[in-house]
Amino acid sequence: VYNAWCKLPEKQRITETLLKQLDFDFFEVLDSVTIARSRRHIQTYYDVTDIGSFPERNKPVSLRPKLTTLPNAINYRDVFDLLSTLHLSIYTPTNYILPSKLAKYLDEKETENFRKGRELGVQRLMSINLLKRMESSVHSFLLTVQRIRNYMESIVATIEAFVAGKGASTLNDIEDLSGDADEFDYDDQNTDFFSVGKKVKIDLRDMDYISWKRDMDEDLENLKLLISMVEDITPEYDFKLNELLRVIREKVANPINPGNPKMLIFTAFADTAEYLYENVSKMVKNELGLNTALVTGSVDGQTTIPKFKADMNHVLAAFSPKSKDRDVLYPKDKA
C-alpha cells in the first residue's frame with residue numbers, strides 16, 4: 001500500500017490518502033510495536049520546542065472508603081480475620097496422600113517436594129488473591145469466595161458418597177486450576193502455577209481423606225459465614241461504589257478540561273469492571289446524560305450507545321477520536 005501511495009501524484013500523496021488505503025490490521029501492528037517514552041525521558045533527551053511543555057500534573061487524590069454503610073455490618077478487619085482462619089487445603093491434596101502411595105502420583109521428572117511446593121504456591125497465591133479481590137470490590141470478592149465454596153462442597157460430597165458406599169473413590173482432575181486463572185490479576189496469571197503440572201486423578205483410598213475433609217469442613221463453615229455477611233452489601237450499601245459515583249458527579253460538574261467530561265475507570269479484575277459498568281452506566285446516563293462503555297480482555301464490550309459495535313478498537317476510537325483517527329477508521333461515526 002505504501003509503495004503504491006508513493007507513486008501517486010504529489011497532490012494525492014498526502015497522509016489522509018494513505019490512511020484510507022491502509023487496512024485496520026496495520027494500526028494494530030503499529031500499536032504493538034510503538035515504543036512508549038516516559039515524560040522524564042522525553043524532557044531529558046528530546047527537543048520539545050515544537051510540541052511545547054507537558055501540562056502540570058495534578059496531585060493524586062487517594063480515598064480510603066469503608067466497606068459498607070450498613071449498621072453493625074462486617075468490616076475489612078472482620079474479613080481479614082475470617083480469611084486468616086482458612087486452611088485452603090483444597091489446593092494441597094498431595095499433603096494428604098499416604099507416604100506409601102505417593103510414588104504412584106509422581107512421574108520420573110517430578111519430586112515430592114516439587115509437587116507439594118507447587119500446590120503450596122497456589123494455596124498462598126489464592127490467599128493473597130482473596131485480599132486483592134476484596135480490595136477491588138465486594139462483588140468480585142463474593143464471586144471468588146462462592147466459587148471456592150462450591151469447589152470444596154463438590155469434593156466433600158464425593159468423599160461422603162465414597163464413605164457411604166454410594167460413590168466412586170476417584171477424584172478427577174483435582175489439580176487442574178487452569179479454569180481459575182481469570183480470577184487472578186494479570187501479574188499472577190503469568191506465574192508457573194498455571195502452566196506447570198498436569199491433571200491427575202487421586203484415589204481416596206490412597207489418602208487420609210478424613211483429615212482432608214475435616215479441614216475443608218472447617219473452611220466451609222467460615223466461608224458460609226463470610227458469604228452470608230458479604231451478601232448483605234448490595235450496591236446501595238456498597239460504600240466504595242457510592243464514593244465512586246460521588247467522584248464522577250463532581251468531575252462532570254467540574255471537569256479539568258472545560259467542555260470535556262470524559263473519564264476512564266481502571267480496575268484489575270473483569271468481574272469488578274462488569275459490576276461497575278452495570279451500576280455506573282445507569283447513573284451516568286440518567287443523571288448526567290453521558291454514555292458509558294466497558295472493555296475487558298475476557299468478554300465482549302458493552303456500551304449504552306444504541307446500535308454501536310462495542311469491540312475494543314471501536315470503543316477506544318469513540319473515546320479518543322483524534323489520537324485514534326476515528327474519522328478515518330469509522331467515518332460513519334462522525335455524525
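How much space lies in the second largest pocket? About 1300 Å³. Keep in mind that this is a predicted model.

Let's stay with that pocket. It has 40 lining residues. Those closest to its centre are Leu244, Val247, Lys251, Leu264 and Ile265. Which elements give two or more residues to the lining? Helix 6, residues 112–136, helix 10, residues 239–253, and helix 11, residues 270–288. Helix 10 gives the largest share, with nine residues.

By class, 21 residues are nonpolar. Nine are polar, and 10 are charged.

On to the aromatic rings. A pair of aromatic rings is described by the distance of the centres and the angle of the planes. How many aromatic pairs does the structure hold? Four. Take one of them, Phe162 with Tyr209. The centres are 5.5 Å apart, and the planes are at 85°. That makes the pair edge-to-face.

Last stop, the surface. Here there is a nonpolar patch formed by Phe26, Val29, Leu30 and Val33. Together, these four residues have about 350 Å² of accessible area. Look for Val29 in helix 3, which covers residues 24–33.

To recap: a second largest pocket of about 1300 Å³, an edge-to-face pair between Phe162 and Tyr209, and a nonpolar surface patch that includes Val29.

Definitions and conventions: Residues are numbered from 1 along each chain as its sequence is written. This is a predicted model: local features need pLDDT of at least 70, side-chain atom pairs count only at pLDDT 80 or more; totals for chains, interfaces and linings use all residues. Side-chain values use heavy atoms; hydrogens and water are left out. On a 1 Å grid over the protein atoms alone, a cavity is a set of points where a 1.4 Å probe fits but cannot get out, and a pocket is an open set with protein on both sides within 12 Å along at least five of seven lines; lining residues have an atom within 4 Å of a point. Grid points are joined across faces, edges and corners, and a volume is the space filled by probe spheres set on the points. Helices (H or I, at least four residues) and strands (E, at least two) are DSSP runs, numbered from the N terminus. Ala, Val, Leu, Ile, Met, Phe, Trp, Tyr, Cys and Pro count as nonpolar, Asp, Glu, Lys and Arg as charged, and the others, Gly among them, as polar. Patches are made of residues with over 30% relative accessible area and no salt bridge: like charges are joined within 9 Å, nonpolar side chains (Val, Leu, Ile, Met, Phe, Trp, Tyr) within 5 Å. Accessible areas come from the Shrake-Rupley method with a 1.4 Å probe; for residues, only the protein chains shown count as cover. A salt bridge is a side-chain nitrogen of Lys or Arg within 4 Å of a carboxyl oxygen of Asp or Glu. Rings of Phe, Tyr and Trp (its six-membered ring) pair if their centres lie within 6.5 Å; planes under 30 degrees apart count as stacked, over 60 as edge-to-face and the rest as tilted.
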